[in-house]
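This briefing is meant for a reader who is meeting the structure for the first time. Please look over the sequence and the model below before turning to the points that follow.

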Amino acid sequence: MRIRPTLSWTPTEDLPPGTTDPEPVAEALSTGGVLVLSGAGISTESGIPDYRGEGGSLSRHTPMTYQDFTADAQARRRYWARSHLGWRTFGRARPNGGHRAVAAFERHGLLSGVITQNVDGLHQAAGSEAVVELHGSLARVVCLTCGAFSPRRELARRLEEANAGFEPVAAGINPDGDADLTDEQVGDFRVVPCTVCGGILKPDVVFFGEAVPPRRVEHCRTLVREAASLLVLGSSLTVMSGLRFVRQAAQAGKPVLIVNRDPTRGDRHALARVALPLGAALTAVAGRLGIPVDGRAATQEE
């Protein structure tokens, strides 16, 4: 499955209006077997912007494509300079109420799994264990030549040593960990090679234009087949890699619930879309179910 560089989506049909009542989500969770599909919107309250919401990064930033990264050494230099700076921000990000609520639902046996389109690792940091990282993780690096994997923190150390004094101020940080820098700020940033074979290093994430590993896709399809319902959190579903699971669930007659403030490409398949901020909505749901979040009793008012 290849992610096409679809950067925007405009509704071409009248979509059902969103609701501000999270009760449909609470009802689905109360019966268990819920599969979560999360997108960039769940991490905005942790300081990581999304792509397409209000103030989304696509208004100022075009994500790196796999084709550009592999074909152009200068594109790789720009990417690694910006990503090296952005990694510092990602490293400081902490799970928010939405991540913590998802982890609490899992601890109470209400979820069948979590598929995330995010590469920030915040679900795991909040305590979720059954997480499939659909688009990979910024915490890992892979060599395109020999296939060796290595921790991102190791690469960060090597890049620090190779680029002493590199301290530009970024205009913004994007959901893929790419900071906004000008070519002048990138300057002559030095990219380091694989320590095993000297090949090209790439973050272990799926770029636009790159294929999601087929075995990972099939695993996600299996999770959808086995789930009782699908709960989408903070995704516009513009990219087909996530939308296809919504379509699969709907075609199988499984309830689809969406929590996203803006309309999504999957709304016509959904039983309801809750148009509320994710942290508040999911904490409210936890309160209705009597589930503690952060080791304390959640209330509807939180």
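**Salt bridges, sheet and burial**

The side chains of E23 and R288 meet in a salt bridge, with a distance of 2.7 Å from N to O. Because E23 lies in helix α1 and R288 in helix α10, the pair ties together parts that are 265 residues apart in sequence. The model is a predicted one, and the values below are to be read with that in mind.

**The chain as a whole**

- The protein chain has 10 helices and 11 strands, and 54% of its 302 residues count as buried.
- Among the contacts in the protein chain with a separation of 6 or more, 73% are accounted for by residues 24 or more positions apart.
- The accessible surface of the protein chain comes to about 13,400 Å², and carbon and sulfur atoms hold 49% of that surface.

**Salt bridges**

- Side chains of opposite charge can pair when their charged atoms come close.
- A search of the whole structure finds 8 salt bridges, one of which joins the side chains of R288 and D21 at 3.2 Å from N to O.
- This pair links distant parts of the chain, since R288 belongs to helix α10 (residues 278-289) while D21 sits in the segment before α1 (23-30), 267 residues apart.
- R288 counts as partly exposed because its relative accessibility is 33%, and D21, at 34%, also counts as partly exposed, as does E23 at 28%.
- Another salt bridge is formed by E210 with K202, whose closest N and O atoms are 3.2 Å apart.
- E210 counts as buried at 15% relative accessibility, and K202 counts as buried at 2%.
- Salt bridges that share partners join D21, E23 and R288 into one network.

**An open sheet**

- Three strands form an open sheet in the order β5-β4-β6, and the pairing is antiparallel.
- Strands β5 (149-151) and β6 (201-205) stand at the edges with a single partner strand each, so one side of each is left without a neighbour in the sheet.
- From one strand to the next, the twist averages 40°.
- Strand β4 (residues 136-143) pairs with β5 in the antiparallel sense over 3 bridges, and S150 in β5 is the bridge partner of V141.

**A buried loop residue**

- T238 lies in the loop between β7 (229-233) and α9 (240-251), and T238 counts as buried because its relative accessibility is 2%, where buried means under 20%.
- The side chains of T238 and S236 are joined by a polar contact of 2.8 Å.

Terms used:
Residues numbered from 1 in each chain as written. Predicted model: local features only at pLDDT ≥ 70, side-chain atom pairs only at ≥ 80, totals over all residues. Heavy atoms only, no water. Pairing = 2+ DSSP bridges. Helix = DSSP H or I, 4+ residues; strand = E, 2+ residues; numbered from the N terminus. Axes fitted to C-alpha atoms, helices over the stretch in contact; angles between N-to-C directions. Buried < 20%, exposed > 50% of the residue type's maximum accessible area, 1.4 Å probe, protein only. Polar contact = N/O pair within 3.5 Å; in protein donor to acceptor, adjacent residues only side chain to side chain. Contact = heavy atoms within 4.5 Å. Areas by Shrake-Rupley, 256 points an atom, 1.4 Å probe, with all protein chains shown as cover. Salt bridge = Lys/Arg side-chain N within 4 Å of Asp/Glu carboxyl O.
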